[in-house]
Amino acid sequence: MKPKIQDVARIAGVSTTTVSRVLNDRGYISQKTRDKVYSAMKEINYVPNDLARSLFNKRSYLIGVIVPSTNHPFFGELVADIENICNEKGYKVLLCNSLHQPDKEKEYWDMLRRNQVDGVIVVTYNRGLIDEKQQLPAVAIDHYLSENIHVVSSDNYKGGEMATKELIEAGCSKIIHINGDASLDTPANKRMYAYEQVMNEENRFYKTYHVPDVAFLDQSSDVIKKLFHDHPDVDGIFASDDLLAIHILQYAESQGYRIPDDLKVIGYDGSGLIRSIYPSLTTIIQPVYEIAWSSVNTLIEEVEGKKTETQEQVFPISLWRGTTI
């Protein structure tokens with residue numbers, strides 16, 4: 001028979017109310033009493049009922065996280081940081097891989113609400129996912145989902161500007177940009193706007209190619225091939241994603257381009273994994289930990305009913321200088 005809180009109280013020699021206060025960390029309890037309660041729990045292998053505790057506290061201490069895919073280095077690192085930060089703050093994470101499928105994202109959103117999570121961190125392009133009237137706290141990373149939802153991102157415009165100027169200063173005469181779906185409402189499109197603005201100010205030819213989803217390389221191959229077919233004389237490419245940049249490098253080398261003599265390439269994201277396994281790639285580094293910390297902290301403040309004035313938080317980027325430029 002499963003031990004109950006009454007059994008813990010009897011063995012510890014305290015009331016059930018005292019055991020409840022220890023478990024829920026409410027009110028002053030001496031360390032001696034806490035030790036007696038925890039010792040009794042260990043003796044009879046008592047496991048607290050998290051559901052009952054969440055009903056008592058009106059908090060589940062669960063945070064949902066919806067991302068396209070943890071296979072992607074940037075999202076994988078982001079999720080790892082979010083989980084670690086949540087754990088430090090006493091929260092657990094329910095992770096959902098959506099593969100950018102709107103129906104799947106909606107199912108996950110409904111599932112998270114049914115499981116009474118305290119809030120959700122969302123990385124999705126699905127603007128219709130969140131009902132603006134719903135009361136569940138949420139924070140979006142690098143996406144605009146609703147006027148009521150806080151957004152956390154890197155300085156995408158500055159990143160696009162820096163990447164383009166690096167290629168210009170490296171002597172590139174024909175620079176092409178390859179980006180995600182421009183029809184999506186995301187701060188990441190500012191990378192493209194910056195590229196086009198810098199090229200326009202320099203009175204240079206500019207062209208942006210769009211891939212359906214930068215997180216899935218198999219959808220990008222045809223676009224990359226078209227880029228090189230249309231512009232065989234390209235000598236500089238700014239890719240809005242590191243995996244995309246690596247895919248471009250591999251294809252270019254298979255076509256006889258010498259890197260960086262014939263073609264210079266710069267990526268975007270700069271995750272720790274990419275910098276460790278492909279250190280030669282020059283890339284714009286997003287501050288992943290800072291983005292994760294801000295997302296978690298902003299969400300918890302919202303859960304606790306604290307007002308946050310800033311609707312969008314933007315963090316500075318930096319440059320990882322490899323040998324592809």
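Guide: The chain of this predicted model exposes about 16,000 Å², of which carbon and sulfur atoms supply 48%. Buried residues account for 50% of its 325 residues, and the chain contains 12 helices and 12 strands. Of the contacts between residues at least 6 apart in sequence, 69% join residues at least 24 apart.

At the N-terminal end, α10 is capped by Asp-241, a side-chain oxygen of which lies 2.9 Å from the backbone nitrogen of Leu-243. The buried residues of the helix are Asp-242, Leu-244, Ala-245, Ile-246, His-247, Ile-248, Leu-249 and Ala-252. These buried residues pack against strands β6 (175–179), β8 (236–239), β9 (264–269) and β10 (282–285), and also against helices α9 (221–230) and α11 (272–277).

Just after α10, Gly-256 takes a positive phi of about 95 degrees. In the loop between α10 and β9 lies Pro-260, which is joined to Ile-259 by a cis peptide bond with omega of about 5 degrees. As background, most residues other than glycine have a negative phi, and most peptide bonds are trans.

Strand β9 includes Asp-269, whose phi is near 130 degrees, a positive value in a residue other than glycine. Asp-269 counts as buried because its relative accessibility is 6%, under the 20% limit. Asn-203 also has a positive phi, near 55 degrees, and is likewise a residue other than glycine. Asn-203 is placed in the loop between α8 (189–201) and β7 (207–210), and at 74% relative accessibility it counts as exposed.

Thr-283 counts as buried, at 1% relative accessibility. Its contacts, apart from residues up to four places away in sequence, include Asp-242, Ile-266, Gly-267, Tyr-268 and Asp-269. Asp-242 is itself one of the buried residues of α10. The side chain of Thr-283 also reaches the backbone oxygen of Gly-267 at 3.3 Å. Further contacts of Thr-283 are made with Gly-270, Ser-318, Leu-319 and Trp-320.

Two residues from other parts of the chain complete the view. Asp-81, in helix α5 (residues 73–88), is buried yet has no salt bridge. The nearest side chain of opposite charge to Asp-81 is that of Arg-275, 9.0 Å away. Beyond residues up to four places away in sequence, Asp-81 touches Val-288, Tyr-289 and Ala-292.

Val-139 belongs to strand β4 (residues 138–141) and is buried, with a relative accessible area of 0%. The C-alpha atoms of Val-139 and Val-120 are separated by 6.5 Å, although the two residues are 19 apart along the chain. Leaving aside neighbours within four places in sequence, the contacts of Val-139 include Val-120, Ile-121, Val-122, Ile-149, His-150 and Val-152. Val-139 is also in contact with Ser-295, Thr-298 and Leu-299.

Terms used:
Residues numbered from 1 in each chain as written. Predicted model: local features only at pLDDT ≥ 70, side-chain atom pairs only at ≥ 80, totals over all residues. Heavy atoms only, no water. Helix = DSSP H or I, 4+ residues; strand = E, 2+ residues; numbered from the N terminus. Buried < 20%, exposed > 50% of the residue type's maximum accessible area, 1.4 Å probe, protein only. Contact = heavy atoms within 4.5 Å. Areas by Shrake-Rupley, 256 points an atom, 1.4 Å probe, with all protein chains shown as cover. Polar contact = N/O pair within 3.5 Å; in protein donor to acceptor, adjacent residues only side chain to side chain. Lys, Arg positive; Asp, Glu negative; His and termini not counted. Salt bridge = Lys/Arg side-chain N within 4 Å of Asp/Glu carboxyl O.
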